[in-house]
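Here is a short report on a protein model. Please look at the sequence and the structure first.

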Amino acid sequence: MLDLVWLAKACGKVVVVVPFVLLACLGLPALLGISLAERTVNRLSQWLITLGFLAALAVPALMLASDSDHLLVSFGNWIAINPGLDTDHEHYHFTVEFEFDRLSVPLTIVSFALCGTISGFAARYLHREPGYNRFFVLFSLFLAGMMTTSLANTIETLFAGWELVGLSSALLVAFYLERVAPARNGLQVWIIYRISDAALLLAAVTLHHMTGEGDFDQLMGSDPWPHGQTSLTEWQALVIGLLLLIAAAGKSALIPFSGWLPRAMEGPTPSSAIFYGALSVHLGAFLLLRTSPLIAASVWLAVTILVLGLLTALYAYLVGAVQTDIKSALAFGALTQVGVILIEIGLGHWLPFFWYIALTHLLGNALLRTLQFIRAPSLLRDYHDLENAIGKRLPRPSTVPVAVAPRAFQIWLYRFALERGYLDALLIDYLVAPFLSLFRWLDRLERRWVGLLNQLPANRREPTHISSWSNEPTPVSGQR
Amino acid sequence: MPFTSIPWLELAVAVGLLGTLVVGRLRDPLTAANVCLAFVSTLLTLCIAAWVAFAVDPTASPQGVLTYLLGRPVLMLDELNAPLVPGIALLHWLTVLATARTKMVRFSFSRLLLGAAIRVATFACLAPVDLALLLLIGVLPPYLELRARKRPTGVYLLHMGLFIALLLGGLATSGTVSAVLLMAAVLLRSGTFPLHVWVTDLFENGSFGTALLTVAPITGMYAALRLVLPIPTPDWILQSIGAASLCTALYAAGMALVQTEARRFFAFLVLSHAALVLVGMELHTTISLTGALALWPSLALSLVGFGLTLRALEARFDRLALTEYRGLYSSCPPLAVGFLLTGLACVGFPGTSGFLASELLIDGALTVNPIVGITVVIVAALNGVAVLRVYLLLFTGKPSTSRVSLHITPREQTAFLILSALILLGGLLPQFAISNRHQAAEMTLAQRATQ
């Protein structure tokens, strides 16, 4: 008799492995200096993503047929130190294990569907672009990261996928190499992602330290999502939960890290669609859903998430209303919904059914935004055609509710929205600039000291600094 | 003579010294490079043979000339240095292989072979007195180079003079005083803040290859493990090494972010990572020491790869200023890929050889002291930002144009492919390396406990 669970696990392995096979197929030739033809790249992407998609569909079908709501696919220990020894010996293991459940399966299917669609779209959109192969290598890196993150059953595995998503995202923002602005914006995205990565790494290691394991099963109990119960105390849940919230805030552009979102639109439209409209921007919310038992255990964590979601939704709504380019407007539209999803996740503390609503909301928003992003270029052309045909501008209804507010408040709000809540300026002026000034000052001191020891003339001891935030070299006085 | 009784290490050092004499007499740079490659390939093969012999029979005692003369074994392998010695030889081999023709004119291959012989001997040395002697001799090749290039030697002389004084003082005394002096010598040799300026000075004034091979193997860590750790000293000495290293890691990571010259940026990146490795020693738990010992060769490999990429770019575009976006990607895409891969490997990116070692180190650090763990994470984040910043500054922007081909040469490509393969294999299949380093960590801690 056919073992359905075995078959489901085999399909699960295909789901996990396929993105890495695609990455190897596209990445290794690039490493060897071999340039693949566009058609080869396109076919490899389409076939392998379709295979992954079919396997992802087969997994829930087989799970339903075998009456199982929770499937673990293990690839064993990546490393193990002193495995099997008693607790008196220091031991460590990094398990590569993936979980198919009510949370990860829908996201996996949607991810494959969207990546397949975007892959087909990009094949035409980037036809004969110089960076065609580079785009697809980074795209496959993103897919591998996305699958690893969404299916991970250990927080360390999730972290590995999280970093892959971050790197591919930053490099795709800087995709157009000949221009400086994308490079600068890519760097800013990377900086925020590194903060997010650091918070997640600390959460992972703290969790490992507190429980002795990184497995979500150990953290959340063996009940299927969302009924898991954590063995951590409320205080421990709050500490790990807050670290995870910082990680989620960085990845999902929540307040105060929202400034990078419009900057990320410098990348090509296909990557903007998949990253900032659909999948990457929702990863923070997914992380919180995955660790929902922590929210159940700590009311303060739930309140913090709820407030952060509310603030982000308000902020993104206001800023999105004044955007003048369609990609930024769509990105802030997506962010508004991410804020609402966070509110739903926070409310799940009192009524866990909200976590199902949050998941459905997340998937729906991802699908809608992808459609809007890839429709955007042709939509603008259609609007222009319509306006040319009727000989005047199309009517633009005002739906902003603040229209009834006093004029002075409207102007202040408009400026606030136009400057994106001054979030970037605050971070740069009060965090980045003092940090850079301090180290530039130390650098000057060091050079003078070395010059003195080497008996160099004074004019050879001073550096010229460049600011990563501007194109002009910054004077040595360190003033911005 | 049985395979395990052949004095492979003595032969390797002898080949290095012989090569120094032979290559020093050659005047044609290309011939010198090729002959040097032959010598360093032989040296690498002999070191690998020594490792294989140790793996076959760890108790074997090869009878060489030095053993005959001194009446005791001098160059030996144990769990700690067995993979490190061939690793050191490999770094030299890769450096020779990746040397571009434009660099050959000014680069001294004979001094590289001399350095290789000294460094292989240093890492193959177990006895503190022998090791100290070799550390002292190791000071010479960079100094000779600075002199030969007519560059200022004040900073180097001052720091190395102090290093020699501290090392000799440590050997001449005993107990806590000895440990403190040796600790100071180790910290100086590792480029610990504020005694690190000799490293940045060496990168600015010496040749990139020499500076790279002097600093990237993180010889200070080996000296710390052989000279300081076995001494029965109070814990505060190790904690001082850890605290000073932690400050250095953070300081150098911050400095790497504001540099305007590629060489200085790289020097601070090396300093930051070398300090992180030393942090693991202070924690002296098996897990953290395993992490530090695993991170060490992984970092040495990644840093040398990263340095060689910068060196290859320098060979094409002269010294690289980081004051503008230079648009070098179109000139040489494989170097951009190599730069990114080795740079990410340095910061322990998933899939590269440093990832799991960093995880172990951070896990061990958090267990012992949460502040150390948090600082290590911050340092890793800052270094990651610094690497991508420089990548974007070098490879994006208006494309540079050139009348001559700037494409990667077959020799450079071979070197980078080997490096990439080692970095990726070490990242994807890390169990062997981690198990090996875990055994070394247990042996080291057991030796300290015995003392």
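Contact means heavy atoms within 4.5 Å.

The size of an interface is often given as the accessible area lost when the parts come together. Here the two domains of chain B bury about 3800 Å² between them. Of that area, 66% is on carbon and sulfur atoms. Buried area is the accessible area (1.4 Å probe) that two parts lose on being put together, summed over both.

## Numbering and confidence

Residues are numbered from 1 along each chain as its sequence is written, with chains lettered from A and ligands numbered from 1 in the order in which they are written. Local features need pLDDT of at least 70, side-chain atom pairs count only at pLDDT 80 or more, totals for chains, interfaces and linings use all residues, and side-chain values use heavy atoms, with hydrogens and water left out.

The pLDDT is the predictor's confidence in each residue, from 0 to 100. Chain A averages 87, and 91% of its residues score at least 70. Over residues 466–480 of chain A, the pLDDT is below 50. That stretch still has 45 contacts in the model beyond near neighbours in sequence. Where pLDDT is low, the predicted coordinates should not be read in detail.

## The largest nonpolar core

The largest nonpolar core has 335 residues. Such a core is a set of buried Ala, Val, Leu, Ile, Met, Phe, Trp, Tyr and Cys residues joined through side-chain atoms within 4.5 Å. Buried means under 20% relative accessible area, exposed over 50%, partly exposed in between (1.4 Å probe, protein chains only). Residues with the most contacts inside the core include A:Trp260, A:Ile345 and B:Trp296. Helix 16 (residues 286–317) of chain B gives the most to this core, with 18 residues. Domain 1 and domain 2 of chain B both give residues to the core, so it lies between them.

## Backbone features

Which peptide bond of chain A is cis? The bond from A:Ile255 to A:Pro256 is, with omega near 5 degrees. A:Pro256 sits in the loop between helix 8 (234–251) and helix 9 (260–263) of chain A. Helices are DSSP runs (H or I, at least four residues), numbered from the N terminus. In chain B, the bond from B:Phe193 to B:Pro194 is cis, with omega near 5 degrees. B:Pro194 lies in the loop between helix 10 (175–189) and helix 11 (197–205).

B:Ile218 is not a glycine, yet has a positive phi of about 55 degrees. Its place is the loop between helix 12 (208–215) and helix 13 (219–228) of chain B. B:Ile218 is buried, with a relative accessible area of 3%.

## Cysteines

The structure holds 0 disulfides over all chains. A disulfide is a pair of cysteine sulfur atoms within 2.5 Å. For A:Cys25, the nearest cysteine sulfur is that of A:Cys115, 16 Å away. A:Cys25 is partly exposed, at 28% relative accessible area. B:Cys247 is partly exposed, at 48%.

Conventions
Helix = DSSP H or I, 4+ residues; strand = E, 2+ residues; numbered from the N terminus. Domains from an automatic or database assignment.
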